[in-house]
Amino acid sequence: MSAPTPQQGRLAHAPVVLRGGRWWLDGGASSVPASDPAFTAVLDDFALSMAAADRAVANLLIRQDEAPCVDPGGRR
């Protein structure tokens, strides 16, 4: 089984973009490929952690929407 890979796109609130499986440092006017394996590994881990956190929050919101507004005891 292969390790999960982050999704393409901009990393939230960071000047880095994942395009074609490669991280790029984005300066707005131009981009430079990130070539340091240790740095790109940290970016991969951070992107995967952010995606997992986004999924966890989405699941909590779904469960909150499914929860009854009033419990059987009449308390809210």
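This briefing walks through the fold, surface and side-chain pairings of the structure shown above. The model is predicted, so to read it well, note that local features need pLDDT of at least 70, side-chain atom pairs count only at pLDDT 80 or more, and totals for chains, interfaces and linings use all residues. Residues are numbered from 1 along each chain as its sequence is written, and side-chain values use heavy atoms, with hydrogens and water left out.

**Overall fold**

- The protein chain has 1 helix and 4 strands, where helices (H or I, at least four residues) and strands (E, at least two) are DSSP runs numbered from the N terminus.
- Reading from the N terminus, the order of elements is β-β-β-β-α.
- Of the contacts between residues at least 6 apart in sequence, 21% join residues at least 24 apart; contact means heavy atoms within 4.5 Å.

**Burial and surface**

- Of the 76 residues in the protein chain, 16% are buried; buried means under 20% relative accessible area, exposed over 50%, and partly exposed in between (1.4 Å probe, protein chains only).
- The protein chain exposes about 6,100 Å², and carbon and sulfur atoms supply 59% of that area; accessible areas come from the Shrake-Rupley method with a 1.4 Å probe, and for residues only the protein chains shown count as cover.
- L25, V32 and F39 form a nonpolar surface patch with about 240 Å² of accessible area together.
- Patches are made of residues with over 30% relative accessible area and no salt bridge, joining like charges within 9 Å and nonpolar side chains (Val, Leu, Ile, Met, Phe, Trp, Tyr) within 5 Å.
- V32, one of the patch residues, is found in strand 4 (residues 31-33) and is partly exposed, with a relative accessible area of 47%.

**Charges and rings**

- Side chains of opposite charge can pair when their charged atoms come close.
- A search of the whole structure finds 1 salt bridge, defined as a side-chain nitrogen of Lys or Arg within 4 Å of a carboxyl oxygen of Asp or Glu.
- The side chains of R10 and D26 meet in a salt bridge, at 2.3 Å from N to O.
- This pair links distant parts of the chain, with R10 in strand 1 and D26 in strand 3 (residues 22-26), 16 residues apart.
- R22 lies over the face of W24, 5.9 Å from the ring centre; for such a placement, NZ of Lys or CZ of Arg must be within 6 Å of the ring centre and within 35 degrees of the ring normal.

**Residues worth a look**

- H13 is found in the loop between strand 1 (9-10) and strand 2 (16-19), and it counts as exposed at 86% relative accessibility.
- H13 has a positive phi of about 55° although it is not a glycine.
- For context, most residues other than glycine have a negative phi.
- R19 lies in strand 2 and counts as partly exposed at 40% relative accessibility.
- Leaving aside neighbours within four places in sequence, R19 is in contact with Q8, W24 and S31.
- R19 and Q8 are 11 residues apart in sequence, and their C-alpha atoms are 5.6 Å apart in space.
- G27 lies in the loop between strand 3 and strand 4 and counts as exposed at 65% relative accessibility.
- G27 and V16 are 11 residues apart in sequence and 8.6 Å apart in space, C-alpha to C-alpha.
- T40 is found in helix 1 (residues 37-66) and counts as buried at 16% relative accessibility.
- Apart from its neighbours within four places in sequence, T40 is in contact with W23 and A34.
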